[in-house]
Amino acid sequence: MNEALRLRAEIARLEVDLESLKRQLSYLQKECAHEFVETSLARTCSKCLQTESLYY
């Protein structure tokens with residue numbers, strides 16, 4: 001039982017960290033001077049890894 005509570009607390013802490021990292025990545029991608037590498041289906045920035053679909 002104690003192990004389950006510890007795991008739940010760890011999951012909650014990691015979820016908070018994940019949200020923070022997502023915000024940091026979003027900011028980085030918004031500020032990036034993109035250099036895209038394109039395939040027939042998508043283009044991906046080689047600097048910040050933002051991906052955009054080219055398939056409509």
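Trainee: What pattern does the protein follow along the sequence?

Mentor: In this predicted model, the order is α-β-β-β. That is one helix and three strands.

Trainee: What makes the protein more spread out than a compact globule?

Mentor: Its radius of gyration is 17 Å, whereas the globule rule gives 10 Å for 56 residues; the value is well over the rule, so the protein is more spread out than a compact globule. The C-alpha atoms fill a box of roughly 50 × 25 × 15 Å along the principal axes. Of the contacts with a separation of 6 or more, 0% come from residues 24 or more positions apart.

Trainee: How much of the protein counts as buried?

Mentor: Of the 56 residues, 11%. The accessible surface is about 5,000 Å², and carbon and sulfur atoms hold 59% of that surface.

Trainee: Why does Gln50 count as buried?

Mentor: Buried means under 20% relative accessible area. Gln50 has 19%, so Gln50 counts as buried. Gln50 is in the loop between strand 2 (42-45) and strand 3 (51-53). Leaving out residues up to four places away in sequence, Gln50 touches Gln29, His34, Phe36, Arg43, Thr44 and Cys45.

Trainee: What joins the side chains of Gln50 and Glu52?

Mentor: A polar contact of 3.2 Å. The cut-off for such a pair of N or O atoms is within 3.5 Å.

Trainee: Where does Arg43 lie relative to Phe36?

Mentor: Arg43 is over the face of the Phe36 ring, 4.0 Å from the ring centre. The distance limit is within 6 Å. As for aromatic pairs, a search of the whole structure finds zero.

Note on methods. Residues are numbered from 1 along each chain as its sequence is written. This is a predicted model: local features need pLDDT of at least 70, side-chain atom pairs count only at pLDDT 80 or more; totals for chains, interfaces and linings use all residues. Side-chain values use heavy atoms; hydrogens and water are left out. Rings of Phe, Tyr and Trp (its six-membered ring) pair if their centres lie within 6.5 Å; planes under 30 degrees apart count as stacked, over 60 as edge-to-face and the rest as tilted. A charge sits over a ring if NZ of Lys or CZ of Arg is within 6 Å of the ring centre and within 35 degrees of the ring normal. Helices (H or I, at least four residues) and strands (E, at least two) are DSSP runs, numbered from the N terminus. The radius of gyration is taken over C-alpha atoms; the globule rule is 2.2 Å times the number of residues to the power 0.38. Buried means under 20% relative accessible area, exposed over 50%, partly exposed in between (1.4 Å probe, protein chains only). Contact means heavy atoms within 4.5 Å. Accessible areas come from the Shrake-Rupley method with a 1.4 Å probe; for residues, only the protein chains shown count as cover. A polar contact is a pair of N or O atoms within 3.5 Å; within protein, one must be able to donate a hydrogen and the other to accept it, and residues adjacent in sequence count only if both atoms are side-chain atoms.
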